[in-house]
Amino acid sequence: MKVMVFDVGGTEIKYSVMDEQMNRFDAGSVPTPQDTQEHFLDTIYALYAPHKDEVAGIAMALPGFVDANTGYVSNGGALLYNTGTQVGQLVRERCGCRVTLENDGKAAAIAELRAGALQGCCNAAVFIIGTGVGGGIIANGQLVRGVHFTAGEYSFVNTNADEWENAEKTMACQCSTKYLLKWYRARKGLPADAPMNGKLFFDAANAAEPEALEVLERFCKMVAVQIYNLTVLLDVEKVAIGGGISKQPLLLDSLRRVYAGLFASRGESPYMIGLPRCEIVPCHFSSEANQVGALYTYLQAESKTI
């Protein structure tokens, strides 16, 4: 059996045809529509149509508060046009096939727990760095969804109680690729709309450009503090980093160093005694983790109907 799999992000929609062994065929990506849900649905159908005779249905990972049982999205996150709508039903009606939906961060957590970097973990988390910050929490070996399906929505975490009204003091702003690139443009004195992406940034950072390394250090401090918070709150064994920039060894090396530095900076504090440190690892499935997890969700739902 083959399934059409979509990983819908705030910037691009990645897609592929996948079989039950997680083999991927005809993979590609297109820009995510930013204007209307109708445009979004048209885009999904246009990608699905050439494959409709070879796949059994659609598995989709997307941002927002997603009820994986019903396909209802109570908050669309990076795609606000999906807020308060039955996205699963709408895609099903447009494409005429079976459709399952899963939150993107939770999809990545499912993939990593089932067959990736978090196999065998009791408590763990994924941290997906993209347009926003996707997340998934594993507790007692199980994915935590939450009563309202908001567990692991790191983007909404406030990072500074003294500036509650400042919408940029959130993980969505301080721990995302979008803001990493924003800070780099500002540091270089470039216009806010100057072309920039993760590859260009890491080309500069890997070449030891001082401005890029300065921004990377700031970014890693933001992420490392939040991983520290996860360690304190959930006693996680591992945090798996995903998203496109997770493929950069420099990011992981810098993040581990800065995370260790947080503990070292308070080394004399008696309150730090016995506080565990988690292992920071890359997602095994890298930027494909969302697609793999979406497929697992589809296959699990399919098994329940047999």
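Is Cys 175 buried or exposed? Select Cys 175: it is buried, with a relative accessible area of 1% (buried means under 20% relative accessible area, exposed over 50% and partly exposed in between, with a 1.4 Å probe and protein chains only). This is a predicted model, in which local features need pLDDT of at least 70, side-chain atom pairs count only at pLDDT 80 or more, and totals for chains, interfaces and linings use all residues. Residues are numbered from 1 along each chain as its sequence is written, and side-chain values use heavy atoms, with hydrogens and water left out.

**Cysteines**

Stay on Cys 175 and show its sulfur. The closest cysteine sulfur is in Cys 173, 9.6 Å away, too far for a bond. Next select Cys 220, which is buried at 0% relative accessibility. Its sulfur has the one in Cys 175 as its closest cysteine sulfur, at 10 Å, again too far for a bond. The structure holds 0 disulfides (a disulfide is a pair of cysteine sulfur atoms within 2.5 Å).

**Helix H6**

Select residues 198-206, helix H6. Helices (H or I, at least four residues) and strands (E, at least two) are DSSP runs, numbered from the N terminus. The buried residues of H6 are Gly 198, Phe 201, Phe 202, Ala 204 and Ala 205. They lie on the same side of H6, because they cover an arc of only 155° around the axis (the arc is that of the directions from the helix axis to the C-beta atoms). Among the elements covering them are helix H5 (177-188), helix H7 (210-234) and helix H8 (249-265). After H6, find Ala 208, whose phi is positive, near 65°.

**Aromatic rings**

The structure holds 9 aromatic pairs. The ring centres of Phe 201 and Phe 202 are 5.1 Å apart and the planes stand at 90°, so this pair is edge-to-face. Rings of Phe, Tyr and Trp (its six-membered ring) pair if their centres lie within 6.5 Å; planes under 30 degrees apart count as stacked, over 60 as edge-to-face and the rest as tilted.

Now select Tyr 228 and Phe 263, an edge-to-face pair with 5.7 Å from centre to centre and 70° between the planes. This pair links distant parts of the chain, with Tyr 228 in helix H7 and Phe 263 in helix H8, 35 residues apart. Both residues, Tyr 228 and Phe 263, are buried.

**Helix H8**

End on H8. Its buried residues include Leu 251, Leu 255, Val 258 and Phe 263.

Key
Contact means heavy atoms within 4.5 Å.
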